[in-house]
Amino acid sequence: MAKKDLLSIYDLSAEEIKGILNKAFELKSERKHLDVFKGKILGLIFEKPSTRTMVSFTAAMLQLGGTSVFLNTENLQRKRGESIHDTAIVLSRYLNGLMIRSFKHSDLEEFAKYSTVSVINGLTDHEHPCQILADIMTVMELHKTKTVEALKKIKIVYAGDSNNIANSLLAISAVLGLDFTLISPKEYSPKKEILNKALEYTSSTGAEIKITSDVNEAKNADVIYTDVWTSMGFEAEEKERKKIFAPYQVNSELLKKASSKCIVLHCLPAIRGEEITKEIMDKYENSIFPQAENRLYAQKAILLYLLNTSD
C-alpha cells in the first residue's frame with residue numbers, strides 16, 4: 001500500500017481521526033505489550049528540544065515491539081549542508097518511518113516528498129497534530145463523551161498565542177465540527193490563510209469557530225487550553241510578549257467565566273506565573289498530566305495507523 005504521512009490534521013478525514021481516537025482508547029484500556037512492529041525502526045529527528053514527544057514515541061515503538069533511533073540534527077550531515085532530498089532518500093532505506101520535529105514546516109514537507117516511508121509531524125512552527133489528537137482524547141475521556149458527536153456539545157476555548165497548537169486546534173475543530181473559540185490579542189490572531197482553511201469546513205461539518213480578543217468569550221467554556229506565550233524560536237520577543245499576553249493568563253478570574261465542569265489543558269512545558277498561574281496549574285493537574293500521559297496512547301494509535309498502511 002502507498003505510504004501515508006501525518007504532516008497536518010488536514011491529512012486525516014473525520015473518520016480517520018475517529019479511528020485513531022478509538023484505537024488510542026483501546027490501547028489505554030488494555031495496556032499490554034504488542035509485537036506488531038517486530039523488526040521495525042522509527043527514526044526520530046529533532047531540531048528542537050523535546051520531552052513528551054521524544055519519550056512517548058520512543059516508548060510507543062518499544063511497547064509495539066519495534067525500536068527507535070534518536071537523530072539529533074547537530075550530529076547529522078545535514079549540519080554540514082547535506083540536502084533534505086539526499087537525507088530523506090537514505091534514511092528511507094534504513095527505517096520504517098520518520099518522526100520529525102523541525103522549525104520550518106516546509107522542511108517537513110520536503111522530507112515527506114522524498115521519503116518513501118511515512119513521515120510524522122512531531123511539531124513545526126505551523127502545526128502539532130500528534131499533540132492535538134491526544135488533547136481531543138483527553139477532552140473525551142474527562143468529559144465522559146464516548147463519541148465525536150457528543151464532543152460537539154463541548155465548548156473548547158484556547159487563550160493565548162495563535163501558535164502551532166492553536167492552528168491544530170482550529171484544524172481538528174473544523175474537520176470534526178466542534179465548538180471552538182480562540183482568544184488572542186488581535187496582533188497575534190491566526191494568519192488569514194490558516195483561518196480561511198478552517199472556515200472552509202464549517203458549512204459541511206457544522207463547526208462553530210470564533211476568533212476574538214475578548215476574554216469574556218470564555219463564558220461557559222467546558223475546556224480552557226493554553227500554551228506558553230513565547231514558543232521555541234521566538235525568544236527575542238519574550239519581553240514584549242509578556243506585556244501583551246498578560247490579560248490572557250489562565251487564572252482564577254478567567255475560570256470564573258467557565259462552566260462548573262470546565263477542565264484546564266496545557267500541552268507543557270508550562271511557565272507557572274506567566275500563561276497559567278501556579279494555583280490553576282496545581283488545581284487542574286488531574287487534567288493536565290493525564291493529557292500528557294495520553295500522548296503515549298495517541299502516538300501508538302498513530303503509528304499503528306501509518307506504519308501498518310505503509311507495508
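**Entry 1. Terms and model**

I began with a term: a nonpolar core is a set of buried Ala, Val, Leu, Ile, Met, Phe, Trp, Tyr and Cys residues joined through side-chain atoms within 4.5 Å. I took buried to mean under 20% relative accessible area, exposed over 50%, and partly exposed in between, with a 1.4 Å probe and protein chains only.

I noted that this is a predicted model, in which local features need pLDDT of at least 70 and side-chain atom pairs count only at pLDDT 80 or more, while totals for chains, interfaces and linings use all residues. Residues are numbered from 1 along each chain as its sequence is written, and side-chain values use heavy atoms, with hydrogens and water left out.

**Entry 2. The whole protein**

I looked up the secondary structure and found twelve helices and nine strands; helices (H or I, at least four residues) and strands (E, at least two) are DSSP runs, numbered from the N terminus. The radius of gyration is 19 Å, close to the 19 Å that the globule rule gives for 311 residues, so the protein is as compact as a globular protein of that length. That radius is taken over C-alpha atoms, and the rule is 2.2 Å times the number of residues to the power 0.38.

I recorded a C-alpha trace that spans about 55 × 45 × 40 Å along its principal axes. Of the 311 residues, 55% count as buried. I then turned to contacts, meaning heavy atoms within 4.5 Å. Of those with a separation of 6 or more, 77% join residues 24 or more positions apart.

**Entry 3. Two domains**

I found the protein divided into domain 1 (9-128 + 294-308) and domain 2 (131-292); these bounds come from an automatic or database domain assignment. The C-alpha centres of the two domains lie 24 Å apart. Their contact takes 29 residues from domain 1 and 32 residues from domain 2.

**Entry 4. The cores**

I looked next for nonpolar cores. The largest has 61 residues, and Ile17, Leu133 and Leu303 have the most contacts inside it. Helix α7 supplies the largest share of this core, nine residues. Domain 1 and domain 2 both give residues to this core, so it lies between them. Apart from this core I noted another, of 19 residues, including Ala159, Leu254, Ile276 and Ile288.

Not counting residues up to four places away in sequence, Leu303 touches Phe37, Leu42, Phe57, Ala60, Met61, Leu64, Ile120 and Asn308.

**Entry 5. Helix α7**

I checked the length of α7 (residues 164-176). At 1.5 Å a residue, its 13 residues should span 18 Å, and its end C-alpha atoms are 18 Å apart, which agrees. The expected span is 1.5 Å times one less than the number of residues in the helix. I found α7 mostly covered, with 13 of its 13 residues buried.

At the N-terminal end, Asn163 caps α7, with a side-chain oxygen 3.1 Å from the backbone nitrogen of Ile165. I counted as a polar contact a pair of N or O atoms within 3.5 Å; within protein, one must be able to donate a hydrogen and the other to accept it, and residues adjacent in sequence count only if both atoms are side-chain atoms. After α7 comes Gly177, whose phi is positive, near 80 degrees.

Within α7 I picked out Ser173, which counts as buried at 1% relative accessibility. Leaving aside neighbours within four places in sequence, Ser173 is in contact with Leu178, Phe180 and Ala207.

**Entry 6. Ser92**

I located Ser92 in helix α3 (residues 84-92). Ser92 counts as buried, at 10% relative accessibility. Its side chain reaches the backbone oxygen of Ala88 at 2.7 Å. Beyond neighbours within four places in sequence, Ser92 is in contact with Tyr114, Ser115, Thr116 and Val117.

**Entry 7. Backbone in two loops**

I examined the loop between β9 (263-266) and α11 (278-283), where Pro269 lies. The peptide bond from Leu268 to Pro269 is cis, with omega near 5 degrees. Leu268 is found in the loop between β9 and α11 as well, and its phi is near 65 degrees, a positive value in a residue other than glycine. At 13% relative accessibility, Leu268 counts as buried.

I then read the loop between β7 (208-212) and β8 (223-226), which holds Asn220. Phi of Asn220 is positive, near 65 degrees, in a residue other than glycine. Asn220 is partly exposed, with a relative accessible area of 47%.
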